[in-house]
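Subject: Structure handover

Hi,

Here is the structure we talked about. Please load it first, then read the notes below.

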There are 2 protein chains.
Amino acid sequence: MAQYRAPLRDIQFVLHELLQVETHLRELPPHTEVDADTINQVLEEAGRFCQEVVFPLNASGDREGCTYADGAVRTPAGFKGAYRHFVEAGWPSLACDREYGGQGLPVLVNNALYEMLNAANQAWTMYPGLSHGAYECLAAHGRDREKRLYLPKLVSGEWSGTMCLTEAHCGTDLGLLRTKAMPEAGAEAGAGTGTDEAGAYRLTGTKIFISSGEHDLAENIVHLVLARLPDAPAGTKGISLFIVPKFVPTADGGVGERNAVRCGAIEHKMGIHGNATCVINLDGARGWLVGEPHRGLNAMFVMMNTARLGVGMQGLGLSEVAYQNALAYAKERIQMRSLSGVKAPDKPADPIIVHPDVRRILLTQKAYIEGARAFTSWLALQIDRMTAHPDAQERREAADMVALLTPVAKAFLTDNAFESTSHAMQVFGGYGYIRETGVEQYVRDARINMIYEGTNAVQALDLLGRKVLGDMGAKLKTFGKLIEAFVDEEGIKPDMQEFVNPLADLGTKVQKLTMEIGMKAMANPDEVGAAAVPYLRVVGHLVFAYFWARMARIALDQAPGGDPFYRAKLATARFYFARLLPETAAQIRMARAGASTLMDPDETLF
Amino acid sequence: MAQYRAPLRDIQFVLHELLQVETHLRELPPHTEVDADTINQVLEEAGRFCQEVVFPLNASGDREGCTYADGAVRTPAGFKGAYRHFVEAGWPSLACDREYGGQGLPVLVNNALYEMLNAANQAWTMYPGLSHGAYECLAAHGRDREKRLYLPKLVSGEWSGTMCLTEAHCGTDLGLLRTKAMPEAGAEAGAGTGTDEAGAYRLTGTKIFISSGEHDLAENIVHLVLARLPDAPAGTKGISLFIVPKFVPTADGGVGERNAVRCGAIEHKMGIHGNATCVINLDGARGWLVGEPHRGLNAMFVMMNTARLGVGMQGLGLSEVAYQNALAYAKERIQMRSLSGVKAPDKPADPIIVHPDVRRILLTQKAYIEGARAFTSWLALQIDRMTAHPDAQERREAADMVALLTPVAKAFLTDNAFESTSHAMQVFGGYGYIRETGVEQYVRDARINMIYEGTNAVQALDLLGRKVLGDMGAKLKTFGKLIEAFVDEEGIKPDMQEFVNPLADLGTKVQKLTMEIGMKAMANPDEVGAAAVPYLRVVGHLVFAYFWARMARIALDQAPGGDPFYRAKLATARFYFARLLPETAAQIRMARAGASTLMDPDETLF
């Protein structure tokens, strides 16, 4: 039987000891009163909910999957009850604005909640997870009427949300999308004016791969749909965003008339079987414009950073649950004797955790997980700072860090999660490959995270092309200053040499690599695409090395002979620098290899 | 719809141009008359069979899976018909001894057949694939009576075979196995004497994870079962091998009485759904000793090298079919414009093969596939040479190469295959994650190959501990001489610098790394386990670099402006050296990192 324990001690370490979030929150007007005790209580409660309510439905949800009949989707047994529980406990509203009934807690708390939810059950978590994105998008770009009608319901979780972007012929390339929106009489008059007067549009088209597009958890589903107005220019500059409810709300916010937006089928997938991936047909469905005409992508991109960080958290959650199970098995399963002498003389063989390579793959998981937790918690704090800091310069700097490092959180963490869950499976040997053990599901579920919300190659292009080279490395330098400050402070301390030296060295290499690619890219833009994926892995390790060095500092101050928690942290930091960071030696060479070996061969030679 | 075309041109290139197998076969008495035309005809016919008969059952077999009821297993629709076809066409007998009705062709031809069968349908191929292992084991160690009764049926394919090793509490650690064998009256008298007189044993115990352990394809199933005699010493030196037929053969080789060996259940697995993975219960089942008492593991290990190379071929086959589908999709799917300017002005977007990172992951697959095909074909040729060469010294050298490099073929190829099939899936984007496209099945199927026949970490320990350090690097030096000879010959040619220099450099590094680990291991045996997995990847690249340099030589002689086949080969060689070989920079550092970061932390700190 698979198991999951919310890793509260480690989350608390990251929030309070590493990041000292209370100090930061005191500077943010909406959160000045959020203290450590409040955060811990919320997370303890969240951990219990995840362990007791959501996790027990994970394997059964995978086995049963969703079923489709006549436009309706039935989620696996128990999903609906757990969702009701979730809504009643108020979890959807955690980080929502108090104006719409939210609890107004910082994003970083919601982020920790989502790590645990994803660990417990990624497929289930995608139902409420997408609602939060819809909430953010509407809160930022909706007109008053839509905010008033929809936001309280999304905040409470009574209604859920989706993002309808993809069509059969366009995923990455949204400029190609074809769904049409025709104005009803009066629709255009009030567009973008913030009045209540604007009328509706009629949307026609077919969207695919819509996660949570139809289900039986909530009484209404709010689709955010990208479509083209009749006068729209071609390409990405002619795309508008609409809100298309499954049931049109009545004036007092109740559930009204059934709208012509229907689920035509659900996909059979490698994993996340418990989440309905839908074909959504719009047959003259009524929709209301969100934001300006033709500016739909901009409005949608508001939710992109959170959504992409959210996918990173899916990777982290799956890695954590897979690791916990692999670790338990490694301590319990006995097989062969240690090469350096019998370790469990009372047993017919030693537990497999005595074998160096089992430890190597366990520590790989552990180092990736704890590095990811530190990084994403810090990134979530930057989201809070960019939204709520009173100083514009601080907000801008935080926004720069979010822009720069969100693609890293999405791609680096989900690549690592596929590797980590696969390592966890390997610890189980043949038992890992059978369904009963539960660990193979984590591998299958983890695989989607490398694809959706922009494939990991798209993230890498975003990082290198837009975020780094796009501003001549300015944002990267800002992050670099954090590292420099740390290196300056710690570099003179003998106990930190083993961490600070490789960190400083990698920082220098990243600078040099970035300049080199920048120069080459001026002559040939394909150099960006040729270098992007290995470049992202190098930056990912720079980020992890920074956080691991910082965690090592804390552990060194606490560790010798003391609390095993800090000794473990120090041991994992040492493992990270000895065994994972060296990947950069290869990735830098790959990133420098240039475009010619890729682009010279004619496509007929493939 | 997924597609598969047998890669005959490339197989022929490897066999005839790269390895010039005809020259070698002329030195081997059983194969002096096997010429290129014969080999090509056989492989063309095999390719057609794989494409037309086996491949169409792959996706449907995955969807349907095997079903179990009352001890019987029904394989997916069409599997039985395809197997009958296979038997009627004589494929099982290809590389079997003429004495038992085989065609006596070299192993290297059978190996190429199996690449194609695995590409077409790994789950189906595991039914006949395991029979061949049983054939080899019996042919080498069986007594005359058993050979006479069983071999003709295994050769014809009328009966199939299994290997029954694993028990619930022991997979890697066979020393723990508990299945018991009690002699019937007279059983021991003739044991190991090669007479017909010896009686049977009664076997009792439960085996798990028995691939093809029960099915409806063949009229009888021949289990090779490891068990303990009553007087057996504990551990691996007390294990004997028995042949336990599902139906006891009659004296004239017909199907006789039902034996007490029964399938108790089948596993639900991540992949290879079409193959029945069985719990096999032995309830006093009649079995006959194969080889000497207590020497069962030695007898079983005869089939291990071929079986492990066979798993490598599963990885290669899946990589090839996944690549073919990803490539077709990359040429057809249009999405975004090339960063270096529009490439398909007549279309609304460019085919995704214009994007550098799509090319990077396609070429990664291609370079791994073609490197693997060269390497495994050469390894299969060494198997033929070690069996059939008239000169003892030649046989010994060939056997050394097989011993040294079989774990590399198993582990390096299957790790690469999991990565390659996952890359293929990524080319498809969201479509890759849904079942319909077919590519996610390859990822799921590929995952088992890293586990069974000895996990890849076990292969790495076998390579470094037993094969390399076990003889003070003697076998490794023999392989090194091949590289040195090539470097000496080609190193002075300007057009080969880009290949020979990194090859020679890596060769030197491997020598140094090996010595270093050897020294450390004398002080602490855990250093072997700590270094083994990265060490295997370094050796894998040394092997691939050698074969890619040799292929580049041929291509350079043929290429400029000429046949696109050679231009493609040269381009892929360049890609391999620029983009994949650099992985060794990281793996060497990881292999050198030592055991301390793994072994110092107490297990409670994980």
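I start with the lining of the largest cavity: by class, nine residues are nonpolar, four are polar and none is charged. Here Ala, Val, Leu, Ile, Met, Phe, Trp, Tyr, Cys and Pro count as nonpolar, Asp, Glu, Lys and Arg as charged, and the others, Gly among them, as polar.

Before the rest, the ground rules. This is a predicted model, where local features need pLDDT of at least 70 and side-chain atom pairs count only at pLDDT 80 or more, while totals for chains, interfaces and linings use all residues. Residues are numbered from 1 along each chain as its sequence is written, chains are lettered from A and ligands numbered from 1 in the order in which they are written, and side-chain values use heavy atoms, with hydrogens and water left out.

**Cavities**

The structure has 10 cavities of 30 Å³ or more. The largest holds about 90 Å³ of space. It has 13 lining residues, and those closest to its centre are B:Pro92, B:Tyr114, B:Pro128, B:Ser131 and B:His132. Two elements give two or more residues to this lining: helix H5 (79-88) and helix H6 (107-141) of chain B. H6(B) gives the most, with six residues.

On terms: a cavity is a set of points, on a 1 Å grid over the protein atoms alone, where a 1.4 Å probe fits but cannot get out, and lining residues have an atom within 4 Å of a point. Grid points are joined across faces, edges and corners, and a volume is the space filled by probe spheres set on the points. Helices (H or I, at least four residues) and strands (E, at least two) are DSSP runs, numbered from the N terminus.

**A helix pair in chain A**

Helix H9 (residues 356-388) and helix H17 (residues 564-580) of chain A pack at an angle of about 105°, and their axes are 9 Å apart. Axes are lines fitted to C-alpha atoms, for helices over the stretch in contact, and angles run from 0 to 180 degrees between N-to-C directions. H9(A) and H17(A) are therefore roughly perpendicular (65 to 115 degrees).

H9(A) brings A:Arg360, A:Leu363, A:Thr364, A:Lys366, A:Ala367, A:Tyr368 and A:Glu370 to the contact. H17(A) brings A:Lys569, A:Thr572, A:Phe575, A:Tyr576, A:Arg579 and A:Leu580. Contact means heavy atoms within 4.5 Å. The residues of this contact divide into six nonpolar, two polar and five charged.

**Buried residues**

Buried means under 20% relative accessible area, and exposed means over 50% (1.4 Å probe, protein chains only).

- A:Ala591 sits in helix H18 (residues 583-592) of chain A. A:Ala591 is buried, at a relative accessible area of 2%. Leaving out residues up to four places away in sequence, A:Ala591 touches A:Leu513, A:Ile517, A:Ala531, A:Pro534 and A:Tyr535. A:Val533 is 58 residues from A:Ala591 in sequence, yet the two are 7.7 Å apart in space, C-alpha to C-alpha.
- A:Ala82 belongs to helix H5 (residues 79-88) of chain A and is buried, with a relative accessible area of 3%. Not counting residues up to four places away in sequence, A:Ala82 touches A:Phe49, A:Val53, A:Leu57 and A:Trp124. A:Gly205 lies 123 residues from A:Ala82 in sequence and 33 Å away in space, C-alpha to C-alpha.
- A:Ala200 is in the loop between strand E4 (180-183) and strand E5 (201-211) of chain A. A:Ala200 is buried, at 1%. Its C-alpha is 7.5 Å from that of A:Leu289, 89 residues apart along the chain.
- B:Thr514 is part of helix H15 (residues 497-523) of chain B and counts as buried at 9% relative accessibility. Its contacts, leaving aside neighbours within four places in sequence, are B:Val468, B:Leu469, B:Leu476 and B:Tyr535.

**Positive phi**

A:Met472 is not a glycine, but has a positive phi of about 55°. A:Met472 is in the loop between helix H13 (456-468) and helix H14 (474-490) of chain A. At 72% relative accessibility, A:Met472 counts as exposed.

B:Glu453 also has a positive phi, near 55°. B:Glu453 is in the loop between helix H12 (439-448) and helix H13 (456-468) of chain B. B:Glu453 is buried, at 18%.

Best wishes

Definitions and conventions: 1 Å grid on protein atoms, 1.4 Å probe; cavity = no way out; pocket = protein on both sides within 12 Å on 5 of 7 lines; lining within 4 Å. Parallel < 35°, antiparallel > 145°, perpendicular 65-115°, else oblique.
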